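The questions below go through the helices of one model and what surrounds them.

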Amino acid sequence: MTWHLINMKNTARGGAQKILDAIKTPSDIVFSQDMHSEINHLSKPRIFLKILSSLINSKPERIVIHTRYFLVLAPITTALGIRTIFYCHASYRKQNYLFKVFKCNGYICVSNSARRILESSGVAKNKIKVVPNPLLSSGKPNFIKDDHNASAIISVGSLAPWKGYHEALSHLAHYSGPINYKIIGEGSCEQELKRLAMTLPSNIKVEFLGRLATPYEHSTYAPIVLIPSLEEGFGLVAIEAIYNGRILLYSDIPALKEICESDPLSIPFDVSSSSSFITALDQAISLSNQTLDRKSITERSLKTQEKYNLKNFIDNYKSTINSTFN
């Protein structure tokens with residue numbers, strides 16, 4: 001039996017939640033604060049005591065920690081003889097001393113970018129296994145329509161501070177051409193971003209669509225997907241955008257570069273630079289004005305599906321937790 005500890009279980013929250021939903025088995029136990037309303041009012045020490053009490057009683061074979069919030073439990077769970085694995089879903093920029101203090105038996109990283117963060121924080125190389133995230137989209141890809149709007153852009157994901165939407169909107173304020181930008185997702189920054197969008201010049205049209213279960217099915221008019229993230233552990237949106245035949249405009253952070261650098265329809269920019277963003281945006285719109293070869297787009301999609309195959313990911317994950325860290 002495996003226990004999973006995560007801050008929130010709702011898959012609308014982000015990539016970590018979607019990956020947990022893919023890997024958990026019927027016998028696994030998932031503990032998250034949003035599942036246990038009766039403990040939301042408790043202090044952190046009392047929450048941890050409640051978890052430890054349950055762990056001691058159930059005696060799981062292993063525990064997989066999906067968030068640094070629960071990392072403080074690692075020394076205790078390892079002392080109890082429970083194999084403790086930290087699943088590193090993010091390339092953390094701050095408080096990495098936590099990995100030196102609260103050590104686990106093993107670590108799964110979603111990218112080489114995340115792996116390098118752990119290594120620089122003192123985690124031994126032989127304790128880290130890189131298991132890239134899979135493509136979670138099901139069904140056929142949703143390619144853009146022939147009569148698409150060349151300057152239509154979408155972004156998909158949670159509206160969190162590290163997703164870079166504030167920076168993207170600020171950069172768009174300096175763009176002189178017409179832009180139709182739709183943001184698909186929900187999050188803590190939504191109201192702030194809406195207020196910022198209202199200050200943009202009239203040539204920039206921004207619309208917030210909320211969360212959509214099938215965002216690419218509902219956006220076949222938009223050839224460009226913008227990912228302005230300040231940090232990412234992997235970049236599920238990137239492989240989803242490529243799979244769905246879109247031009248990708250992405251922040252050149254390490255995790256996204258791993259996925260997009262060799263893709264001919266992915267254009268990087270420096271998220272801290274308006275001039276870099278505008279240059280990249282012009283390139284993306286120029287591409288979207290061209291008639292893209294449908295055969296090449298289809299081959300690109302199939303290669304992405306093959307490389308990030310869900311079954312292979314599940315097998316890799318199972319092999320890692322059953323063999324590598326035993």
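Q: Which residue caps the N-terminal end of α12?
A: In this predicted model, a side-chain oxygen lies 3.0 Å from the backbone nitrogen of lysine 311.

Q: How far apart are the end C-alpha atoms of helix α12, and what span should its residues have?
A: Helix α12 runs over residues 310–324, which is 15 residues. At 1.5 Å a residue they should span 21 Å. The value from the model agrees with this: the end C-alpha atoms are 20 Å apart.

Q: Within what arc do the buried residues of α12 fall?
A: The buried residues are Phe313, Ile314, Tyr317, Thr320 and Ile321. Seen down the axis of α12, they line one face of the helix, because they fall within an arc of 130°.

Q: Which exposed residues does the other face of α12 carry?
A: The buried residues of α12 are covered by elements that include β1 (2–6), α1 (15–23), β3 (62–65) and β4 (83–88). On the face turned away from this buried side, the exposed residues are Lys311 and Ser323.

Q: What arc do the buried residues of α6 cover?
A: Helix α6 spans residues 165–172, and Tyr165, Ala168, Leu169, His171 and Leu172 are buried in it. They lie on the same side of α6, because the arc they cover around the axis is only 160°.

Q: Which elements are included in what covers the buried residues of α7?
A: The buried residues of α7 are Glu190, Leu193, Leu196 and Ala197. They are on the same side of α7, as their arc around the axis is only 125°. The cover over them includes α6 and β9.

Q: Are α8 and α11 parallel, antiparallel, perpendicular or oblique to each other?
A: Ile239, Ile242 and Tyr243 of α8 meet Arg300, Ser301, Thr304 and Gln305 of α11. The axes come within 8 Å and cross at roughly 140°. Angles over 145 degrees would count as roughly antiparallel, so α8 and α11 are oblique.

Q: Is isoleucine 285 buried or exposed?
A: Isoleucine 285 is found in helix α10. Beyond its neighbours within four places in sequence, isoleucine 285 is in contact with Ala150, Ser151, Tyr175, Ile179 and Ile224. Its relative accessible area is 13%, and under 20% counts as buried, so isoleucine 285 is buried.

Note on methods
Residues numbered from 1 in each chain as written. Predicted model: local features only at pLDDT ≥ 70, side-chain atom pairs only at ≥ 80, totals over all residues. Heavy atoms only, no water. Helix = DSSP H or I, 4+ residues; strand = E, 2+ residues; numbered from the N terminus. Expected span 1.5 Å × (residues − 1). Buried < 20%, exposed > 50% of the residue type's maximum accessible area, 1.4 Å probe, protein only. Arc of directions from axis to C-beta. Contact = heavy atoms within 4.5 Å. Polar contact = N/O pair within 3.5 Å; in protein donor to acceptor, adjacent residues only side chain to side chain. Axes fitted to C-alpha atoms, helices over the stretch in contact; angles between N-to-C directions. Parallel < 35°, antiparallel > 145°, perpendicular 65-115°, else oblique.
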